[in-house]
Each structure stands twice: as structure tokens, then as C-alpha cells.
Amino acid sequence: MKLIIKNLKKNFEKKEVLKDINFEFEKGKIYGLLGRNGAGKTTFFNCLNEDLEIDNGEFCIEDNGKTRKIIPEDIGYVLSIPNVPEFLTGREFLKFFIEINKDKIKEIKTIDEYFDFMKIEKDDRDKLLKDYSHGMKNKMQMLVNIIASPNILLLDEPLTSFDVVVAEEMKQMLKSIKKDHILIFSTHIMELALDLCDEIVILNKGILEKIDKNEIEKYVTIKSSSEQLTNKIVSNIKF
């Protein structure tokens with residue numbers, strides 16, 4: 001299965017944010033999406049999720065040699081700022097989500113099995129979501145998207161709110177599910193992208209381009225911030 005993007009363009013008034021993007025994302029891989037702040041990574045996700053109307057182009061799914069339009073069920077979107085119903089407990093939220101999506105979920109497990117999978121402690125399962133930490137809310141947002149099992153999973157800075165131990169757990173979880181999805185992982189942390197992702201793509205001046213991981217590793221040896229590293233890389237790569 002592939003996500004195929006052709007001639008995607010998005011402008012905001014006179015500013016050209018996405019410029020004629022052509023790319024193919026394959027199932028079974030985690031793609032690290034890098035770019036300077038303001039490069040358009042979130043705009044790119046919002047276009048794929050149809051939260052923004054594109055100015056030109058198209059995107060579709062190719063499966064077994066046949067192409068079709070993307071439908072809402074194809075895409076899961078984990079936002080950088082989690083949006084969960086804070087008046088519900090974690091258990092009530094999962095129960096409600098499963099109930100309204102039961103006809104779309106391939107294999108329904110028990111609620112506690114889902115909690116176990118996401119390593120959410122038993123003491124936290126019946127707390128109100130408003131009392132969850134930012135990281136815990138992010139876990140719940142990721143969990144409902146995984147339960148829905150979309151073909152394409154867009155992850156916008158999903159691990160930045162986790163401590164080192166939980167972030168490592170989430171990395172292993174994403175690796176364990178990648179065979180069933182097209183995973184596009186936006187991050188500003190270069191080392192994380194290199195460790196987690198199978199392919200690295202950089203959004204620079206409105207163009208999306210795959211970059212050899214070996215090329216990037218040359219720059220990571222330099223003691224610079226992730227933003228500085230990204231600047232060094234895009235400055236030395238011809239788009």
C-alpha cells in the first residue's frame with residue numbers, strides 16, 4: 001500500500017507554503033518529517049487530513065495496483081496538543097470511542113487490554129482526563145487512533161511531552177505497529193528521527209525530499225541544537 005501525492009500546493013495569500021509536492025509513502029515504514037520552524041509540516045498534515053483546502057494537486061491510496069481516493073477512515077491524526085474530552089474518565093472515553101466506532105474496528109479488545117498496550121497504570125484508568133498530565137492525554141489520543149487502525153497515521157510531534165522512559169516505550173510501540181500502517185512522524189529532534197524512522201524526508205522551501213540517513217548522521221556529530229542541525233542539513237542539500 002502507498003500514499004501517493006501529486007502536485008500538492010498550498011498558499012496562504014501570497015505566501016507559497018507547499019510548492020508542487022510529489023511523493024510516495026509506503027506501508028510498513030516510519031517516515032521522519034523534518035524541517036525548519038515554519039517550514040509547513042503542520043500545514044502538510046492538515047492538507048492530508050483535509051482540515052485545509054488545497055490549492056492544487058491530489059493524493060490517493062494505491063493498493064494491489066489499484067488506486068482510490070482517500071476517505072476519512074484512512075487517516076488518523078495525533079496532534080501536538082492533545083484534544084480529549086476532559087469531563088470523561090480514561091475508561092469512559094475508551095468505552096465511548098469503541099461504542100461509536102465498533103462497526104469500523106477490526107478486532108475489538110477489552111478496555112484494559114488497550115490500557116495495558118499503552119502502558120497506562122491501573123490507578124490512572126478511572127481518573128478524569130482533566131487530571132491527566134499532558135503526556136497522559138497524548139497517550140490517550142495516540143491510543144484511540146491506534147484502536148481505529150487507519151491506513152495512514154500522522155504524528156505531529158507526539159513524543160515531546162514524554163519523559164525519557166515513556167518516550168522509549170512509545171518508540172517501541174510505534175515500531176511494533178508500523179507493518180500495518182503508513183506512519184509519518186513530524187519531529188524537530190534529529191536524534192529521535194534517526195533512531196526511530198526508516199526514512200527521513202525534509203520539507204524545505206515548499207518541497208518535500210527524501211534524504212539519505214547517512215548524510216544526516218554526518219551533521220549530528222556536530223554539537224548543535226536540532227534546529228541548527230536542520231538548518232545545516234537543508235543548507236547543504238540541493239532541492
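Trainee: Which residue in β7 stands opposite glycine 76?
Mentor: Residues are numbered from 1 along each chain as its sequence is written, and side-chain values use heavy atoms, with hydrogens and water left out. This is a predicted model, where local features need pLDDT of at least 70, side-chain atom pairs count only at pLDDT 80 or more, and totals for chains, interfaces and linings use all residues. Now go to β7, and the residue opposite glycine 76 is leucine 153.

Trainee: In which sense do β6 and β7 pair, parallel or antiparallel?
Mentor: Two strands pair if DSSP finds at least two bridges between them. β6 and β7 (residues 152–156) have four bridges, and the sense is parallel.

Trainee: Which strands stand at the edges of the sheet?
Mentor: Six strands make an open, mixed sheet, ordered β6-β7-β8-β3-β9-β10. An edge strand has a single partner, so one side of it is left without a neighbour in the sheet. That describes β6 (75–78) and β10 (207–211).

Trainee: What angle does helix α4 make with β6?
Mentor: Helix α4 (residues 134–148) packs on the sheet and touches β6 and β7, contact meaning heavy atoms within 4.5 Å. Axes are lines fitted to C-alpha atoms, for helices over the stretch in contact, and angles run from 0 to 180 degrees between N-to-C directions. On that basis, the angle to β6 is about 175°.

Trainee: How many of the eight residues of helix α1 are buried?
Mentor: Buried means under 20% relative accessible area, exposed over 50%, and partly exposed in between (1.4 Å probe, protein chains only). The buried ones in α1 include Phe44, Phe45 and Leu48. Helix α1 (residues 41–48) is largely enclosed by the rest of the structure, because the number of buried residues is seven.

Trainee: Which lysine does glutamate 199 meet in a salt bridge?
Mentor: A salt bridge is a side-chain nitrogen of Lys or Arg within 4 Å of a carboxyl oxygen of Asp or Glu. Glutamate 199 sits in strand β9 (residues 199–204), and its partner is in the loop between β2 (15–26) and β3, 170 residues apart. Glutamate 199 counts as buried at 16% relative accessibility. At 3.1 Å, N to O, the partner is lysine 29.

Trainee: Is lysine 179 buried or exposed?
Mentor: Lysine 179 forms a salt bridge with aspartate 180, the closest N and O atoms being 3.6 Å apart. Aspartate 180 is partly exposed at 40%. With a relative accessible area of 56%, lysine 179 is exposed.

How values were computed: Helix = DSSP H or I, 4+ residues; strand = E, 2+ residues; numbered from the N terminus.
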